[in-house]
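I am opening my notebook on a structure that is new to me. Here is what I looked up, one entry at a time.

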Amino acid sequence: MTDKPRSPDIMPLRVYDTRSREKRELSTLEDGRVSMYVCGITPYSPSHLGHARCYLAFDVVHRWLEASGYDVDYVQNFTDIDDKILDISDSEGVDYSVVANRNIDDYLEAMDTMNVLRADHYPRVTETIPEIIDMISTLEGKGHAYVGDDGVYFEIDTAPGKFGQLTGQTLEMVRAGAGGRVADTGSGKRDHRDFALWKLAKPGEPSWESPWGDGRPGWHIECSAMSLNHFGEQFDIHGGGHDLRFPHHEAEIFQSECCTESEPVVGYWMHNGFVNVDGEKMSKSLGNFWTIRDAFEHHEPLALRYALLSVPYRNPIDLTPEFLEDAATHFNRLVGAYGDSLSSDSESETDLSGASERFAAAMDDDFNTRAAMIEIQAVVSSANGSDVAVWLERHAGDVLGLLPPSEDVMAGLAQADSARAEVAEGSTRCWPSARARGIPRTGPAPTRSATRLLRWESSSRTGQTARPGAWTDYSSSETSTEGWLLMRLRMLELITPIEPTTTTREKKIAAQ
Ligand SMILES: [Zn+2]
């Protein structure tokens, strides 16, 4: 790792670009700076694990670019007006902004809890309306847009060469798929592939004045306008989930490149893979849909972060109970090793430079977090000393965001030591909660702290009687300290880990 902008003699950082379908050496518009736009949430409901994966992936991109010496200007938008937001605000009888703000707060809180660094700017659609209208006017003036009965549309046939840039679809494939019904669009469109830039308001909908009548923007033009409003005519990285490639991002290519007449507007298109749960695509109808808050009820936020980063960002990820348990084990080992190293007075006798080089090579290879985490696991299992604490802080902490604050870890260690001392005193008090669940007692019974933790662990694992504020209470530092203490007690083998209990959600899936 370096504190200065990269020089040509350092191995190049290579980034997979969806448009060119290859990993390319990162070359930025401005030396030492990266401009990055990632499509943000549409805040109509609480954020889910698909969101967590996306924003964790780009958090690591952000962190590694900064660690490599780049100054990153990171923009992430909020699509704060949308049909789904309006449906919910109608059903609740509140203004759309109430629904949007509530879910934006939920998102930011969840991201903070998972150690996601904030972006530099969070533009909102409702604060960018004049710029969106300007962009549509420019497209109309250049002959790329037309006015239909119900709004303004982008005319695909005015830029046929830009079709299928991210997905490889051709106009012919789409025509064949449409069965020749291209004229039968059911709206004010001339062609079914054209897409809305401005939608005229239906009665009672919130709307803004425009040259074409009161209405609101189409989804795709919003991101084109918000990104170019901030960066000008070109920027380096545009990110988002795999499912946004078409139509959202291909529409952005049409709009942004036809408006600016520069190609490419975006240097690198980056897309993260899907999240599956138990082999199925996560969906509300399958009952395997996890909001981030749901997940926090059963998994420690940073252990979840560990799990979500342990697969390279472009690959799909399958969250099975075994996979999550395995990630939690590795995470606990990492935090335990970090705590031991923090309390160590001497340096290890291990040369960590090779591990640093392999870690950097992995991250330079399109942000391969899996390979980078294997290096961390190797260091954790082979070395202990004050230099290891520094190494882990840089690599596992600064770059991957996997470590809790050192104060929390030290507080957990101190609590564990006092619990251990209690046990060493040889208390003969009984251990009713454990005995009731048939857990064999070996050795002296842990008292106060350990028993309390056992009860906490049991309730937070079953999910049925989780005590208020288990992992769901983002703001409580006490819960995180308890987590480290629990981890520590397990390591000291003072308590017996409880087998994971089937959750209500798992039962629901099993019953289907
Ligand atoms: Zn977008």
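**Entry 1: a residue to start from**

I began with Thr138, which is partly exposed because 15 other C-beta atoms lie within 10 Å. The scale I used calls a residue buried if 20 or more other C-beta atoms lie within 10 Å of its own, exposed if 12 or fewer, and partly exposed in between, with C-beta atoms placed from the backbone. I found Thr138 in helix α4. I also looked along the chain to Cys258, 120 residues apart from Thr138, and the C-alpha atoms of the two are separated by 9.2 Å.

**Entry 2: ground rules**

I noted that this is a predicted model, in which local features need pLDDT of at least 70 and side-chain atom pairs count only at pLDDT 80 or more, while totals for chains, interfaces and linings use all residues. Residues are numbered from 1 along each chain as its sequence is written.

**Entry 3: the whole chain**

How many helices and strands does the protein chain have? I noted 18 helices and 13 strands. Helices (H or I, at least four residues) and strands (E, at least two) are DSSP runs, numbered from the N terminus. Of the 512 residues in the protein chain, buried ones make up 41%. I then turned to contacts, where two residues count if their C-beta atoms, placed from the backbone, lie within 7 Å. Among contacts in the protein chain with a separation of 6 or more, 75% join residues 24 or more positions apart.

**Entry 4: the cores**

Next I looked for nonpolar cores, meaning sets of buried Ala, Val, Leu, Ile, Met, Phe, Trp, Tyr and Cys residues joined through C-beta atoms within 7 Å. The largest one has 108 residues, and Leu56, Ile136, Leu197 and Leu334 touch the most other members. Helix α1 (residues 49-67) gives this core its largest share, eleven residues. Another core, of eight residues, lies apart from it and includes Ile85, Tyr96, Val99 and Val125.

What is Leu56 in contact with, leaving aside its neighbours within four places in sequence? My list reads Met114, Val116, Arg305, Leu308 and Leu309. I then checked α1 against helix α9 (residues 301-309): their axes come within 10 Å and cross at roughly 80 degrees. Axes here are lines fitted to C-alpha atoms, for helices over the stretch in contact, and angles run from 0 to 180 degrees between N-to-C directions. The two helices, α1 and α9, are therefore roughly perpendicular. Angles of 65 to 115 degrees count that way, while those under 35 are roughly parallel, those over 145 roughly antiparallel and the rest oblique. Ala52, Arg53, Leu56 and Val60 of α1 make the contact with Arg305, Leu308 and Leu309 of α9.

**Entry 5: back to α4**

Helix α4 (residues 129-141) packs against helix α6 (residues 219-231) at an angle of about 105 degrees, with their axes 9 Å apart. So I noted α4 as roughly perpendicular to α6. On the α4 side I found Glu131, Ile132, Met135 and Ile136, which meet Ile221, Glu222, Ser224, Ala225 and Asn229 in α6.

**Entry 6: strands**

Two strands pair if DSSP finds at least two bridges between them. Strand β3 (residues 33-38) pairs with strand β4 (residues 71-76) in the parallel sense, over six bridges. In this pair, Val38 has Gln76 of β4 as its bridge partner.

Which strands form the open sheet of four? I read the order as β5-β6-β7-β8, with antiparallel pairing. At its edges are β5 (145-147) and β8 (215-217), each pairing on one side only. From one strand to the next, the twist averages 20 degrees. β5 and β6 form a hairpin with three residues between them. Strand β6 (residues 151-154) meets β5 over three bridges, and Tyr146 stands opposite Tyr153 in β6. Strand β7 (residues 195-200) pairs with β6 over four bridges, and there Phe195 in β7 is the bridge partner of Phe154.
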